[in-house]
Amino acid sequence: MFNKYNVIVVGAGHAGCEAAAAAANLGSSVLLITMNMGVIAQMSCNPAIGGVAKGQIVREIDAMGGYTGIIADKSTLQFRMLNLSKGPAMWSPRSQNDRMRFAEEWRLTLESLPNVDMWQDTVKEVIVEHGSAKGVVTSLGLRIEADAVILTNGTFLNGIIHIGEKKIGGGRTGEKSATGLTEQLISLGFESGRMKTGTPPRVDGRSLNYTLMEEQWGDNKAGRFSFTDVAIPKEQRCCWITYTNDKVHEVLKTGFEKSPMFTGRIKGLGPRYCPSIEDKINRFAERDRHQIFVEPEGFQTVEIYVNGFSTSLPEDVQLKALRLIPGFERAKMYRPGYAIEYDYFPPMQLDLTLETLKIKRLFFAGQINGTTGYEEAGAQGFVAGVNAHQQINDLHELILKRSESYIGVLIDDLVTKGTEEPYRMFTSRAEHRLLLRQDNADIRLTPIAHKLGLVSDERLEKVNKKIADSDYLVNYMKQHSIAPEEMNPVLEAVGSSPLNQKSRMFNVLSRPQINISHLAKASDKFNNLLQEHDEETIEQTEIKVKYDSYFAKEMEIVEKMKKMEDKEINPDFDYRQLVSLSIEAREKLLKVKPRTLGQASRISGVSPSDISVLMVHMS
């Protein structure tokens, strides 16, 4: 029934879609197998893309020819650039998305790729011969051969849904779990574990009173993830903010005795940084309220995602508590929140290419590796898809460095440190985050993707032009001065000290109160020059000028960290005295007592910023 494929991808979530597309775009014949073709690229939890550090990952995927950014842009309900009050290393794009449109766009994209076939079925077994993956066996008894296999099973491996005292087998609400595959992998020598995640109830937006909530609009001018010119929706939708209160918390507590979290029925660890509402009120008992984000699920639907109210309490307790939140007094639930427990495989069993160490040409990507989030999954899927193609064709592997991408940080963390809880990316995990900004992802990664054959000559030319134009503007400001009579009125208006003599534009722009538009306002000639360049180039120019000295210092830190990789640490060192360390880092370092900085840097829970603190103390 099937010819042999180059690559089989199991699972059509965010990791599977990126994996299939990447391998196909490189020239491999790909079969994407999913249990339900009606929910390809389903946004199982929050219908949003990006956020702190996650937005940088999406821009990196896009810079290398992946599709998550393009799909997100096409389905954007609302766009916000987070952390604009901070430095550019912290700027993080985030979009609220139309759940149905997002999934539709992914399916249409996959169907437009001639090298991708799709098949609805459940994979029960990976065919392994002579220590190498050779294909899969499905629940229909089909034996499908391939040169490489990528597993992106998400939360479906022996998935169990928990709602109060109820346990339902499933990988997502309304969908069955996948069985058999975990057991086979264990028999092949793999170590597995259990993790947990959760989701909030969905409600009927017509039953809410939005006048009791705070409006939360997106940016006045919507941004985008993709460096391409993909069209984005002109309309933006409003989101809202409300809060829980003591009455809500008291009602929730009445369900604790039936909570699978507190009774021990859930064995898997949940995400530390995205706790359930019952976990919040239990761990943060001193707080009398918690923020709730009220987010629409699409342009045409009235379904609402209650962000911040993830729960696995009994459904009657959920509804009773919801109706005590301002604006939710008459709320109608479409479905209750639930927790889901599933199998994963500790990622230290992988190579940096995401190929398993035990079985050649078998790759893992996404939540099977212990991660959480669409963005982390998409990044892993992309890398696994590229490397599956490269491996079977004896081509150079794709391994991104920590110093050149968040994707490199993500994979290095997983493979080197492992994870015992759902891994989530943060800017603090990247020691070189000033160099890994969302604005320069194309400069960092598009040349790499071009060498692989994933992006066109035109895209590379666009990046090279951006670099050249930005360098030209920087050099112009270094060479040209501006007179006090031109600049001082602007400086006075923003509260900056006046010029006493002509000064280089570069030096004036270096002032914290001044941005490039102020220079343009003071100089018609410079303003005319800026009109010849696009917004991305101008933004890049301003960042280069303002952070010029910081970039130099960052490179010094990079070199210093290399030299100190093997620096010994006194095993009796008391980490509790370093208050700059995160609480988690202090706990892990005291427990492990690493002998060197290199060993410390590979401990799960010790972030690159924690290592920097140690380096400063020891230098």
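**Close-up views of a predicted model**

**View 1. Leu-410 is a buried residue, with a relative accessible area of 0%.** This residue of the predicted model belongs to helix α11, which covers residues 406-417. Leaving aside residues up to four places away in sequence, Leu-410 touches Thr-371, Glu-376, Ala-379, Gln-380, Tyr-423 and Met-425. Asn-83 lies 327 residues from Leu-410 along the chain, and the C-alpha atoms of the two are separated by 21 Å.

**View 2. Helices α1 and α10 pack against each other, with their axes 7 Å apart.** Helix α1 spans residues 14-25 and helix α10 spans residues 374-392. The angle between them is about 30 degrees; because angles under 35 degrees count as roughly parallel, α1 is described as roughly parallel to α10. The crossing of α1 past α10 is right-handed. On the α1 side, the contact is made by His-14, Ala-15, Glu-18, Ala-19, Ala-22 and Ala-23. On the α10 side, the contributing residues are Tyr-374, Ala-377, Gly-378, Gly-381, Phe-382, Gly-385, Val-386 and His-389. Sorted by class, this contact of α1 with α10 comprises 8 nonpolar, 5 polar and 1 charged residues. As background to such patterns, residues three or four places apart in an α-helix point the same way, because there are 3.6 residues a turn.

**View 3. Cys-17 is in no disulfide.** A search of the whole structure finds 0 disulfides. The cysteine sulfur nearest to that of Cys-17 belongs to Cys-45 and is 18 Å away, whereas a disulfide requires sulfur atoms within 2.5 Å. Cys-17 has 0% relative accessibility and therefore counts as buried. Cys-45, at 24% relative accessibility, counts as partly exposed.

**View 4. Helix α2, residues 54-63, is largely enclosed by the rest of the structure, because 10 of its 10 residues are buried.** Among the buried residues of α2 are Lys-54, Arg-59, Glu-60 and Asp-62. Others in this helix that are buried include Ile-57, Val-58 and Ile-61. Gly-65 follows α2 and has a positive phi, near 100 degrees.

**View 5. His-290 sits in the loop between α8 (277-283) and β16 (291-296).** With a relative accessibility of 6%, His-290 counts as buried. Not counting residues up to four places away in sequence, the residues touched by His-290 are Thr-242, Tyr-243, Thr-244, His-249, Ile-277, Lys-280, Ile-281 and Phe-284.

**View 6. Asn-158 has a positive phi, near 50 degrees, although it is a residue other than glycine.** For context, most residues other than glycine have a negative phi. Asn-158 is placed in the loop between β9 (143-151) and β10 (160-163). Its relative accessible area is 19%, and since buried means under 20%, Asn-158 is classed as buried.

**View 7. Asp-394 also has a positive phi, near 55 degrees, and is a residue other than glycine.** Asp-394 is located in the loop between α10 and α11. The relative accessible area of Asp-394 is 71%; because exposed means over 50%, this residue is classed as exposed.

Note on methods: Residues are numbered from 1 along each chain as its sequence is written. This is a predicted model: local features need pLDDT of at least 70, side-chain atom pairs count only at pLDDT 80 or more; totals for chains, interfaces and linings use all residues. Side-chain values use heavy atoms; hydrogens and water are left out. Buried means under 20% relative accessible area, exposed over 50%, partly exposed in between (1.4 Å probe, protein chains only). Axes are lines fitted to C-alpha atoms, for helices over the stretch in contact, and angles run from 0 to 180 degrees between N-to-C directions. Helices (H or I, at least four residues) and strands (E, at least two) are DSSP runs, numbered from the N terminus. Angles under 35 degrees count as roughly parallel, over 145 as roughly antiparallel, 65 to 115 as roughly perpendicular and the rest as oblique. A crossing is left-handed if the near helix is turned anticlockwise from the far one by less than a right angle, and right-handed if clockwise. Contact means heavy atoms within 4.5 Å. Ala, Val, Leu, Ile, Met, Phe, Trp, Tyr, Cys and Pro count as nonpolar, Asp, Glu, Lys and Arg as charged, and the others, Gly among them, as polar.
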